[in-house]
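Here are my notes after a pass through the model you sent. Have it open while you read, and tell me where you disagree.

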Amino acid sequence: MSSTWQDAAAKKRDAISALIPAEWKLENTPSIKEQVDVTEYIKQYLSEEELGITESDADQIVQKTTSGEWSAEKVARAFCHRAALAHQLLNCLHEVFFDAAISDAKKLDAYFAEQKSPIGPLHGLPISLKDQFHIKDVETTMGYVGWIGTFEGKKGTGKEKVYESEMVRELRASGAILYCKTSVPHTLMAGETVNNIIGYTHNPKNRNLSCGGSSGGEGALIGIRGSPVGFGTDIGGSIRIPAAFNGLYGLRPSTGRLPYEGMSNSMDGQNTILSVVGPLGTTAGSLRLVTKALLSQQPWLHDPLVHEIPWRNEEEAKIQQLLQFIGESVPKEKKLAIGIMRTDGVVTPTVPVRRAIELVTKALEVSGHEVLEWKPPSHKIINDTALHSWLFDGGRDVNGAFALSGEPMAKQVSLYEAGMKEYTASEISEINVKMRQLKKDYMDYWNSTAKETSTGRPIDAVISPVAPWPAARELRYKYIGYSIWVNALDYTSVAFPVTNVDASVDINPSDFKPIDEKDQEIQDDYDPQIYDGAHVSLQLVGRRLQEEKILAIAEYVGKLIGK
């Protein structure tokens, strides 16, 4: 009897489950109605020691593993256990290789015992990876049923047994422990995470909501502390959206800062807007730690698209000096000038997001910083132009992947309809010319803000929503404009947590006047009772290749608001 895509998906799903040790299996998984928030619920299944390890951030973990206070094996086992529990509650894992991780951890411990020193700056740090990274002896399905048992859809190559992405090599060389790969929406082009293999990935803080996408499994796993830090990718918001929806920090670097070499992708070869790889974690310090470690490996020697830019301590130090003034006003000569984008003029942020903007604005003003309204060139034109790049091949790549198994396409990615036209080379060139002009126009506007600031220099960074809502409800991610403009302009951005929805405070005003029907539709998706307790986040946006500066500002702002 011939196998169906349903059979293949079920077999893969069962194989993932079978790799979870019996003693880590939950006898009863509560329904969403029974347990909406599982971030505290999960703790009952962990020992005090495991809780102490998994509630620590990446910086705290490496302080203990690189000093010998914690063994790498002990840390690896704790995170493997919590990740296994997380998957049973959220559907967030595509691949688990716990045995290999524990074996690697034992080797690190043996090295430390002999050499009395760590193998690298990430010695013993568990790191989770989005299911685009290739790891030897581990499949990469990227959510496609047709990729099961293949190398990116190609059968019989055996490449999956030996091949690893460049960043995987660099993480191993830095001492990291790799133990799982996380869920994605097939195609990678959605703000929710769903595929026909593992189903829908939920938000651990509020399982009525999406964990985001396309690095949604990363967001969910780190959000429930099944990982201290991990890596995703971002072509339209896919790092920042899951970070924001799960109350995390997430760095979208500019293209060419971190190595993408050797990773699987959708629409590979589309170069108008490149996907970038970056970290998500519980603290800004976690992102700094892993980014610095990777740059210390000199990735520009191994990935031809990476710029030769080591970590710039001086750029970070300029901002970090502000930390000494937490709780008091910053001297005028050191103050920041921050642009505030309350709306992009297309869709109005919902009530909790608007409140988050005011909270951060007030905190900056009280601390003596300068806050100005951000009124840039049309974001609608930028976003509409950028969207063409996702459609250049007429859906050929993603529809080809679906055809391998005959599986259906999730509604969340239905923009790739069969029979779409492919763009000609001339049409792509026209889009590229237009994009270049839009970047120049935005650059000129940013430069012009020097005339408005008292510092005499242009705005240091912009604070913007990541999405109109704290998180999307299933099948309701209908507007990506607040994230994609950053990709179109190739700016650096860091998502950061601000507050949580309070149903008694975040109430829709009766006098709200929508911009148009689309705006009203987005507002109607917000319900205070459904969203109560959900994370509310924003993003800090800087110019190209300003990763050190923007991470430092995000950390500083986080401390200002108690995050």
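1. Ground rules before anything else. This is a predicted model, so local features need pLDDT of at least 70, side-chain atom pairs count only at pLDDT 80 or more, and totals for chains, interfaces and linings use all residues. Residues are numbered from 1 along each chain as its sequence is written, and side-chain values use heavy atoms, with hydrogens and water left out.

2. Look at the cis peptide bond. Gly213 and Ser214 are joined by one, with omega at about 5°. Ser214 sits in the loop between β5 (199-200) and α7 (216-223). For the element names, helices (H or I, at least four residues) and strands (E, at least two) are DSSP runs numbered from the N terminus.

3. Next, positive phi at Asn91. This residue is not a glycine, yet phi comes out at about 60°. You'll find Asn91 in the loop between α4 (72-90) and β1 (93-96). Asn91 counts as partly exposed because its relative accessibility is 26%; buried would be under 20% relative accessible area and exposed over 50%, with partly exposed in between (1.4 Å probe, protein chains only).

4. Glu152 is another one to check. Its phi is near 55°, again positive in a residue other than glycine. The loop between β2 (126-130) and α6 (166-173) holds Glu152, and at 25% relative accessibility the residue counts as partly exposed.

5. Which residue does the side chain of His134 make a polar contact with? The partner is the side chain of Glu152, at 2.7 Å. A polar contact here is a pair of N or O atoms within 3.5 Å; within protein, one must be able to donate a hydrogen and the other to accept it, and residues adjacent in sequence count only if both atoms are side-chain atoms. His134 also lies in the loop between β2 and α6, and it counts as buried because its relative accessibility is 3%. Leaving aside neighbours within four places in sequence, its contacts (heavy atoms within 4.5 Å) include Phe151, Tyr163, Val168 and Met263.

6. On cysteines: how many disulfides turn up? The search of the whole structure finds 0, taking a disulfide as a pair of cysteine sulfur atoms within 2.5 Å. For Cys80, the nearest cysteine sulfur is that of Cys180, 7.5 Å away. Cys92 is in no disulfide either, with the sulfur of Cys180 again the nearest, at 7.6 Å. Cys80 counts as buried, at 0% relative accessibility, and Cys92 counts as buried at 0% too.

7. A cavity is a set of points, on a 1 Å grid over the protein atoms alone, where a 1.4 Å probe fits but cannot get out; lining residues have an atom within 4 Å of a point. Grid points are joined across faces, edges and corners, and a volume is the space filled by probe spheres set on the points.

8. The largest cavity holds about 60 Å³. Of its 13 lining residues, Leu188, Met189, Ile235, Asn265 and Ser275 are closest to the centre. The lining divides into 4 nonpolar, 7 polar and 2 charged residues.

9. The second largest cavity holds about 30 Å³. Ala244, Val466, Ala467, Trp469, Pro470 and Ser537 line it, which gives 5 nonpolar, 1 polar and no charged. In both tallies, Ala, Val, Leu, Ile, Met, Phe, Trp, Tyr, Cys and Pro count as nonpolar, Asp, Glu, Lys and Arg as charged, and the others, Gly among them, as polar.

Terms used: On a 1 Å grid over the protein atoms alone, a cavity is a set of points where a 1.4 Å probe fits but cannot get out, and a pocket is an open set with protein on both sides within 12 Å along at least five of seven lines; lining residues have an atom within 4 Å of a point.
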